[in-house]
Structure formats: C-alpha cells, structure tokens
Amino acid sequence: MTQARRGQQVVVLGAGMVGIACALSLRQRGLEVAVIDPLGPGAATSHGNAGVLARSSLMPFNHPRLWSQLPGLLRGRSPGFRYDPLAMLSQWHWCLSFLSHARERDFRETTTALDALIRHSGELHRRWMDAAGVAQRRRDEGWLFLYRSEAGFQSGAFGRETLARFGVCTAELGAHELHDLEPHLQPIFRKALWVKDASSVDSPGELVRAYARWLVELGGQLQTAEATRLQRDNGGWSVGTGDGHSLRADHVVVALGPWSRDFLRQHFGLKLPMGFERGYHRHFTPANGAALNRPVYDTAAGYVLAPMAQGLRLTTGVELNAQHAPPRPAQLDAAERAAREALALGERTAEPDWLGSRPTLPDSRPMVGECPGQPGVWLALGHQHIGFSTGPGTGELLSQLMLGEPTTLDPNPFRPQRFLRT
C-alpha cells in the first residue's frame, strides 16, 4: 500500500458528500487538497435524498428475505421498487451477483460493517456541523416507518429484529401515539416504528456546500471542472481537466459516485460491478398548515416525505435501470398520489423534479481503499443510497489508510480487492 505524507498533494475527483468528506479528513491531517467536480459541491447525487442520518440504514436491499419477496417484485407493481427488464438483462452479471449476496452470512457481514460506518459517521457529522456553523440544519427527532395495516407491520418483523440486534433505539407506536407525534398525518396508519437513533437535515445539498466552504477555510481548493485525463507523472499522477488545465498530484481519490464505473473503465480498463438504484424527488408547499416534524416512510407506498427548506420533499423508492436511461416519472406520480392520502400536500413548487442514480456494488457495501494495481489512486465509491449518511466515516477511514494510521473501523469489509483485481 502506498503511504501518503503530510504536505503531499491530493486531488479528489467528485464533490458530493463522500468526496468533500474525504477532502476534509485529508486536509485536517495536513495534506494539500484540491477537489474537482464539473457541477460543484452537493449538486448531483448528494442533492437528492431525504436528508436522513439513521442507524436503521444498515439494512441492505439484498437481505435474506429478498428471495421470498422476489416473485412479487419481479411483477413490477411494487410502489417502492421498479425496474427496466432490458436494462437488467444487459447487467445480468451484476444482478446475479447482487442476489448471491442475499444470504445470511453476507447479510451479517454487511450489516455489521454498515452499522459501524453509520455510527461513526453520525458522530463525525455532529462534530462537523458544529465546526462548519450549520448545526441549526440538524433535527434530532428521529424518523418514522408508517404501516397502513397490521399485516404490513408484521411483514417488517425481520427488519425490526435486525435493528434490535444492533441496539438501534426504536419504539412501536399505535395510531394515537403516532397522532401525538405527527398530528397532521391522516388517520390511515395503524402502526408506526419510531427510529429514535436518527437525525435529519433540512437541505442535504446545502450541508455538503457548508462542508465545502469549511474545507476552503482550512486551505483546501475547489475547482468546477471535469476530470478528463488521469495518467502517471514522475512518480505521481497528472489530472487533466476539460478546460485544458492539469494538476499534478501525489495521490488521487476517485469519489465520483455513479460516474466512477465509467471513469475506472476508461482510464484503467477496470470492470467495476456497479448497479444503479435510481431515485426521484419532488417538492410541495404544505396545504392548510400541514407540517411534519421529522421524515416519514410509508412502507406500503414506498415513499419518504421529509420537511425541507424547499418545502416537503417526496422521494421515491428504488428504480433499477441504466444510469443514463430517460426518466420514468410513473413511480414518482404514484408516490404523489399515495402521499396525498397521508398528508395535505399543496401545490408542487417551481423546483423541477429530480432524478439521480445511487451506485450499488453487489454486496451493498462501499469500496474504500487503494485501487489494485494503481499505486496512489484511492477509491471511495459504491455507497448505494447511504452515501449522504456515511460520507464522514468513509473520509476518515480512507485518510487513515492513506497515511498508515490505525483505523477507527475495520477496513476489510470495504476493501476494493473483493471486486477489483489486477
């Protein structure tokens, strides 16, 4: 493993939550850091999420109960899951690998690793928000899983058992207790699970931009440009940008989210097994004073409603599709119809609908470490839908590995060698 030293130059590719977190952690350790992104901080995948920082996110989509759910999911009628058959056929190898990890042994390894990463990231998020001067954006009221029927609540038993096994603080609520917490919800939910070990923010993109401003205050650099060339240069690396400039670096961090797959293939010929959990969001102005105190997840309809600075944000479940496939708004429209049954949503805001691709590796764990066969190139990618939650812990783990420090987390579950080999 190539070791970094204080004062060396690092170029981070990608200014989402993960990339900015890596840059912050490296800068705090005395490395010279420049971040390159064509859209700027927090403008792509990190912009579109429910803003939840929750320990309950340790549950991967490919869990052991997926096999019993698969026939229903493949019918394509589940509100929380849609897929494009042709896209899945073209990615059949990833699909089979993803399903192969829906086993008890893999599930235990993944949940243990993600729980550690999420817990540590939550602690760092809290400290970083204070240091960046944006603690007011954080709410600590947890979030709610809503159930429209007793049968729906019972179907979630495996998830509740898993959360209990990891000591996640939750409380089961009846209809009256739910009303006390969220009085503006319509009385269509029989039960709820209050995940108390959770925080949320009122603008994910703005939080990333606040961290980026803090990075600049610490002496880091931001460049709005696209990295178009990466090649070896006198023991280090040269990064060329679309505007014709180049930067020399001792180390390069690839934190390009869903764009990482094409970048690694283009520059190193590596075949990264990455699928895409696409998701949508839409904003509404609450009607008649309707409000939420925390994000809520309607488990039957597969959407999340979260109070944001922009209004109420409606986010969809998963759409498995090619990264650059045209939008398919049917899932978002269905989510809106269901959400209007639950809360008095007003008019849509002027902000356009959003679509993003969340990069998922077959075992639902991110890849953090040095790129096999490419000394000085480091990977921080594949965070599926929890990159916003787990960015700080990823950044610290990568920095510790790069500098040869003792690691706070076990790095083995995240090693790139599990899918990339020279």
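The second largest pocket is lined by 43 residues, and those nearest its centre are Ala 255, Leu 256, Gly 257, Pro 258 and Trp 259. Here a pocket is an open set of points, on a 1 Å grid over the protein atoms alone, where a 1.4 Å probe fits and protein lies on both sides within 12 Å along at least five of seven lines; lining residues have an atom within 4 Å of a point. The model is a predicted one, in which local features need pLDDT of at least 70 and side-chain atom pairs count only at pLDDT 80 or more, while totals for chains, interfaces and linings use all residues. Residues are numbered from 1 along each chain as its sequence is written, and side-chain values use heavy atoms, with hydrogens and water left out.

The volume of this second largest pocket is about 720 Å³, taken as the space filled by probe spheres set on grid points joined across faces, edges and corners. Its lining comprises 22 nonpolar, 17 polar and 4 charged residues; Ala, Val, Leu, Ile, Met, Phe, Trp, Tyr, Cys and Pro count as nonpolar, Asp, Glu, Lys and Arg as charged, and the others, Gly among them, as polar. Elements that each supply at least two lining residues include α1 (17-28), β2 (32-37), β11 and α12 (387-403). Helix α10 gives the most, with 4 residues. Helices (H or I, at least four residues) and strands (E, at least two) are DSSP runs, numbered from the N terminus.

Strand β11 also belongs to an open sheet of 3 strands, ordered β11-β12-β13 with antiparallel pairing; two strands pair if DSSP finds at least two bridges between them. Because β11 (227-233) and β13 (246-249) each have a single partner strand, they stand at the edges, and one side of each is left without a neighbour in the sheet. From one strand to the next, the twist averages 20°. Antiparallel strands β11 and β12 (residues 236-241) are joined by 6 bridges, and Gln 231 has Ser 238 in β12 as its bridge partner. Helix α10 (residues 260-268) packs on this sheet, touching β11 and β12, and its direction makes about 45° with that of β11. Contact means heavy atoms within 4.5 Å; axes are lines fitted to C-alpha atoms, for helices over the stretch in contact, and angles run from 0 to 180 degrees between N-to-C directions.

A further open sheet has 3 strands in the order β3-β9-β5, again with antiparallel pairing. Strand β5 pairs with β9 (residues 198-201) over 2 bridges, and Arg 138 stands opposite Val 201 in β9.
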